Amino acid sequence: MENTFAILGGDKRQLYLARALAGDGYPVLLGGMEQAPDTFGLPQAPLDLLAQRCTTFVLPLPVSRDGVFLNAPYAERPLPLDAAFLRLTEGRRVFGGMLSRWKDAPASWQDYYTQEELTIGNAYLTAEGAVALAVGEWPGTLGGARCLVAGFGRIGKALCGMLQGMGAQVFCAARKPAHWAAIRALGCIPLSYQETGRAFDIIFNTVPTQVLGEEMLALQGRDALLMELASAPGGFDREAAQQLGLRIMDAPSLPGKLSPRAAGELLKTTICHML
């Protein structure tokens with residue numbers, strides 16, 4: 001049976017995902033995107049019709065931001081993730097991102113955000129977006145700037161390489177000696193978190209737990225750019241930053257905001273590989 005896709009909720013990434021699937025010849029219907037821009041050529045349908053006509057549902061990344069409603073910023077009204085929603089998807093193949101954010105997600109649903117090809121690609125898109133924001137927000141130039149990257153996961157690795165290539169002086173804080181060796185191999189300067197007590201021009205945090213506290217923040221200049229890339233609660237001591245007059249720039253979901261086409265096409269490739 002031919003796959004007919006329901007792209008339900010999400011941001012501009014899902015619109016480009018829909019266009020990429022349609023470009024490959026798949027029938028595609030949108031749901032929960034009544035107020036989305038530029039949906040020309042992409043038919044929309046109510047949920048009950050999607051359930052009748054579609055074999056495969058693709059939910060957004062993340063599937064929910066509060067665990068109660070579908071992440072659907074372009075929907076006319078909130079779409080609750082409840083028993084009625086589950087009934088609509090019965091017998092369908094369902095893909096979603098970060099499904100753990102909804103505790104009642106069925107075990108049969110597939111989380112595309114667990115796929116390495118997507119998480120690695122998404123990390124590079126996030127790093128590219130963070131660098132673009134830094135160029136626009138930092139009053140100096142990245143060439144020669146003292147940059148700290150907190151965390152050496154996928155995004156941290158990508159950031160280190162990009163910043164190094166732009167001529168920044170790159171420090172990277174990590175916990176593991178193996179990571180320090182890898183950071184050094186990239187031409188960057190490895191630090192433990194206890195060694196971050198110095199001034200930086202730009203600090204990129206990728207760690208979702210607090211690793212940058214008051215003592216370290218007190219050493220930063222008023223022009224320092226603090227960029228939060230991790231999910232809540234993030235790595236900065238927000239109360240201390242506020243008391244010190246430092247601004248934290250929250251930068252979540254950068255691929256969906258700054259590179260939605262590339263992110264949508266990456267989603268399409270990943271889902272097709274899973275199929």
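This dialogue walks through some features of the structure above, one at a time.

Visitor: What should I know about the model before I start reading it?
Guide: This is a predicted model, in which local features need pLDDT of at least 70 and side-chain atom pairs count only at pLDDT 80 or more, while totals for chains, interfaces and linings use all residues. Residues are numbered from 1 along each chain as its sequence is written, and side-chain values use heavy atoms, with hydrogens and water left out.

Visitor: How long is helix 1, and what span would be expected for it?
Guide: Helices (H or I, at least four residues) and strands (E, at least two) are DSSP runs, numbered from the N terminus. The expected span of a helix is 1.5 Å times one less than its number of residues. Helix 1, residues 12–23, has twelve residues and reaches 16 Å from its first C-alpha to its last, close to the 16 Å expected. Just after helix 1, Gly25 takes a positive phi of about 95°.

Visitor: Which residues of helix 1 are buried, and what covers them?
Guide: Buried means under 20% relative accessible area, exposed means over 50%, and partly exposed is in between, with a 1.4 Å probe and protein chains only. In helix 1 the buried residues are Arg13, Gln14, Leu15, Leu17, Ala18, Ala20 and Leu21. Their cover includes strand 1 (5–8), strand 2 (28–31), strand 3, helix 4, helix 9 (254–258) and helix 10 (260–274).

Visitor: How do I describe the way in which helix 4 and helix 10 are placed?
Guide: Two packed helices are described by the angle between their axes and the distance between the axes. Axes are lines fitted to C-alpha atoms, for helices over the stretch in contact, and angles run from 0 to 180 degrees between N-to-C directions. Angles under 35 degrees count as roughly parallel, over 145 as roughly antiparallel, 65 to 115 as roughly perpendicular and the rest as oblique. Here the axes of helix 4 and helix 10 come within 10 Å and cross at roughly 170°, and the two helices are therefore roughly antiparallel to each other. Contact means heavy atoms within 4.5 Å. Helix 4 contributes Glu117, Leu118, Gly121, Asn122 and Leu125 to the contact, and helix 10 contributes Ala262, Ala263, Leu266, Leu267, Thr269, Thr270 and His273. Among the buried residues of helix 10 are Ala263, Leu266, Leu267 and Thr270.

Visitor: Which residues touch the most other members of the largest nonpolar core?
Guide: A nonpolar core is a set of buried Ala, Val, Leu, Ile, Met, Phe, Trp, Tyr and Cys residues joined through side-chain atoms within 4.5 Å. In the largest one, which has 28 residues, Val149, Leu159, Leu163, Ile202, Phe204, Met227 and Leu229 touch the most other members. At least two residues of this core come from each of helix 4 (116–137), strand 6 (146–150), helix 5 (154–165), strand 7 (169–173), strand 9 (202–205) and strand 10 (225–228). A second, separate core has 23 residues, including Leu30, Leu61, Phe95 and Leu118.

Visitor: Where is Ser64 placed, and is Ser64 buried or exposed?
Guide: Ser64 is in the loop between strand 3 (56–58) and helix 3 (83–88), and it counts as buried because its relative accessibility is 0%. A polar contact is a pair of N or O atoms within 3.5 Å; within protein, one must be able to donate a hydrogen and the other to accept it, and residues adjacent in sequence count only if both atoms are side-chain atoms. The side chains of Ser64 and Asp66 are joined by a polar contact of 3.1 Å, and the side chain of Ser64 also reaches the backbone oxygen of Phe69 at 2.7 Å.

Visitor: What can I say about Gln220 in the same way?
Guide: Gln220 is found in the loop between helix 7 (214–217) and strand 10, and it is buried because its relative accessible area is 8%. A polar atom of the Gln220 side chain lies 2.8 Å from the backbone nitrogen of Phe200.

Visitor: Which backbone features deserve a second look?
Guide: Most residues other than glycine have a negative phi, and most peptide bonds are trans. In this model, the peptide bond from Leu61 to Pro62 is cis, with omega near -5°, and the bond from Ala232 to Pro233 is cis, with omega near 5°. Asp38, which is not a glycine, has a positive phi near 55°, and it counts as exposed at 58% relative accessibility. Met98, also not a glycine, has a positive phi of about 55°, and it is partly exposed, with a relative accessible area of 21%.
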